[in-house]
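These are my notebook entries on what I looked up in this structure. I wrote them for a reader who is new to it.

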Amino acid sequence: MVGAAVSGLLILAIVLGSRLLRNFDSALLPYAVAGVFLAFGVAYRYTVWISAPGAARLFKQGWRSLFSAENFRQAPTALPKMIATYLGFQKFLGARSHARWAAHQLIFWGCVLAALITFPLTWGWFTFTSGSGSGPGYEMRIWGFKILGFDSLSFIGWVMFHGLDLAAVLVIPGASYFLWRRMKDRGASTGQRFGYDLIPLIALIVISVTGLLLTFSSIFLHGGGYEFLAVLHMVAVVFTLIYIPFGKFFHIVQRPAAVGMQLFKYTARQDDEVFACRRCGQPIDTEPYVENLRGTMRDLRLDFDEWAEYCPRCKRVLRGSAYLTHVKKGFK
Amino acid sequence: MMGRTIFIDPGRCIGCQACVSACRECDSHRGKSMIHLDYTDEGQSVASLPTVCMHCEDPVAPCAEVCPADAILVTADGVVQQADTTRCIGCANCVNACPFGVPKIDLGAKLQMKCNLCYDRTAYGLAPMCATVCPTGALFYGTVEELQAERPGVQVADTFVFGSTEVRTGVAMVVPADKVQWPVPGGLPVVEINGKDVRR
Ligand code: SF4
Ligand code: SF4
């Protein structure tokens with residue numbers, strides 16, 4: 001339902017954005033169709049995901065804290081800051097390892113760049129027209145409106161036409177690093193699944209390499225092998241787009257949930273609502289968060305939710321004590 | 001019935017920390033130990049209790065159930081894996097929902113970590129690091145039959161009671177033979193020990 005609605009909206013946007021398909025490039029049709037599938041899949045998976053108890057409660061709380069008066073009053077900068085450090089620069093990955101952070105940044109910005117170019121282009125939202133017939137003066141239009149004019153022989157022009165190549169150059173080393181790591185790092189390869197962990201990396205590399213080869217072919221081989229490469233590239237891209245909602249790439253869609261979660265905790269911390277362990281007094285988490293978790297546990301019929309009011313260490317010690325008392329009689 | 005798994009016998013544990021060190025050496029969490037060794041009755045006795053993930057079966061892995069990001073997966077052979085690094089958002093739901101107090105969290109890295117039964121070893125038929133080095137057999141890896149062949153007269157319990165809930169686990173605890181029908185108390189409601197209130 002939701003999936004169908006979202007893809008319907010996207011099709012509408014494509015039609016309108018390309019000025020009733022006048023700017024639509026039919027050669028890019030498969031890409032556009034894959035885009036619609038992608039929208040459907042993401043919307044569908046998103047709905048399924050967000051209806052599970054744990055996610056549902058967090059989702060609500062995240063939005064509630066965002067729109068709460070406290071948030072606007074006390075922490076108007078918190079959200080933009082979290083979005084930048086967390087989603088943009090992925091600071092937390094640096095805490096895992098610097099190399100992983102660097103590699104992930106390469107992939108991330110490469111993909112962002114590629115997505116910014118590809119989607120609007122295949123949906124016919126972007127057009128490049130030349131005022132004088134064959135250049136070098138070009139105009140870039142979005143939804144038919146002129147945004148900027150540039151000279152295709154200038155630096156900007158070069159960047160404009162090689163944006164996807166730049167993206168590929170960013171993605172290849174990043175993805176290669178992760179592939180290499182998956183091959184040799186025992187920690188990473190534990191429980192690793194081919195379809196889940198390796199295919200996405202291989203797909204990224206195939207897309208980037210074939211994309212670069214397309215440019216190579218048109219510049220140095222006068223288009224030799226171009227058609228074959230173009231098909232290969234397209235198949236890889238279409239496959240990857242359709243795969244996004246169902247595999248590892250879904251984390252791209254899920255990540256923002258973390259911002260909601262943090263905002264929720266952050267808002268409570270501003271008000272000093274910290275919950276202390278009932279036995280030892282160590283802080284466990286923020287009070288609303290513990291309450292939220294208890295709700296989730298009750299939703300799931302895990303009716304030992306009062307246990308969430310004890311810190312992990314106290315749970316272990318109490319269990320140990322219970323064992324001593326009732327099972328082993330205190331080593332007497 | 002249980003296949004090869006870990007059997008914990010706190011009565012044999014001498015608190016030597018060998019399992020903790022061995023866990024730290026394991027490839028899947030290099031440098032960090034996932035074993036908790038607690039001295040449960042400090043100052044009164046030398047009792048110590050090693051805790052590994054119990055790999056809950058029913059209700060199936062509470063940690064995974066409360067996870068908002070579907071980050072914790074359970075393998076077909078019942079091993080509850082630690083969080084998938086791409087999915088975990090570091091919310092600590094799993095940490096606070098686990099009735100055994102197992103998962104750890106690295107807040108900086110936004111990542112949960114927990115014992116995954118040395119999946120890199122057990123998937124290939126090797127014993128987990130902790131059980132390999134334990135000098136007293138407090139951590140034993142094998143089948144129930146193997147355990148009983150070595151220790152005649154012992155029984156194991158794989159069910160724990162927390163309040164009104166029973167949790168059945170993939171990892172079991174050794175209990176005296178006459179107590180086997182009795183699910184092991186999980187510590188909730190909070191108990192007294194040797195007649196002394198341990199809440200404080
Ligand atoms: S013992 Fe804790 S960490 Fe292990 S499966 Fe159960 S809930 Fe999850
Ligand atoms: S800390 Fe990670 S694994 Fe644990 S519940 Fe949160 S997202 Fe799931």
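I began with G187(B), which I found in strand β10 (residues 184-188) of chain B; helices (H or I, at least four residues) and strands (E, at least two) are DSSP runs, numbered from the N terminus. G187(B) has 2% relative accessibility and therefore counts as buried, where buried means under 20% relative accessible area, exposed over 50% and partly exposed in between, with a 1.4 Å probe and protein chains only. I noted that the model is predicted, so that local features need pLDDT of at least 70 and side-chain atom pairs count only at pLDDT 80 or more, while totals for chains, interfaces and linings use all residues. Residues are numbered from 1 along each chain as its sequence is written, chains are lettered from A and ligands numbered from 1 in the order in which they are written, and side-chain values use heavy atoms, with hydrogens and water left out.

Next I looked up what surrounds G187(B). Leaving aside neighbours within four places in sequence, G187(B) is in contact with W307(A), L318(A), R319(A), A322(A) and V161(B), contact meaning heavy atoms within 4.5 Å. I also checked G163(B), which is 24 residues from G187(B) in sequence and 8.3 Å from it in space, C-alpha to C-alpha.

Then I turned to the core. The largest nonpolar core has 57 residues, and those with the most contacts inside it are I6(B) and F100(B); such a core is a set of buried Ala, Val, Leu, Ile, Met, Phe, Trp, Tyr and Cys residues joined through side-chain atoms within 4.5 Å. With neighbours within four places in sequence set aside, I found F100(B) in contact with residues of chain A, R316(A) and R319(A), and with residues of chain B, including M54(B), F160(B) and V167(B).

K110(B) took me to the loop between β5 (104-106) and β6 (111-113) of chain B. Which side chain of opposite charge is nearest to K110(B)? It is D106(B), 7.9 Å away, and K110(B) is buried yet has no salt bridge; here Lys and Arg count as positive and Asp and Glu as negative, while His and the chain ends are not counted. A salt bridge is a side-chain nitrogen of Lys or Arg within 4 Å of a carboxyl oxygen of Asp or Glu.

In one of them R316(A) and D38(B) meet, the closest N and O atoms being 2.6 Å apart. This pair crosses between chains, from helix α15 of chain A to strand β2 of chain B. R316(A), at 7% relative accessibility, counts as buried, and D38(B), at 4%, counts as buried too.

D38(B) also meets R313(A) in a salt bridge (3.9 Å, N to O). D38(B) lies in strand β2 (residues 36-38) of chain B and R313(A) in helix α15 of chain A, so this pair joins two chains. For R313(A) I noted 38% relative accessibility, which means that R313(A) counts as partly exposed.

E309(A) is in the loop between α14 (287-299) and α15 (312-328), and R294(A) is in helix α14, 15 residues apart. Both E309(A) and R294(A) are buried, and they belong to a network of salt bridges that links R278(A), E291(A), R294(A), R298(A), D305(A) and E309(A).

Last, I wrote down the totals for each chain. Chain A has 15 helices and five strands, and of its 332 residues 47% count as buried. Chain B has six helices and twelve strands, and buried residues make up 62% of its 200 residues. The C-alpha atoms of chain B fill a box of roughly 45 × 40 × 30 Å, taken along the principal axes.
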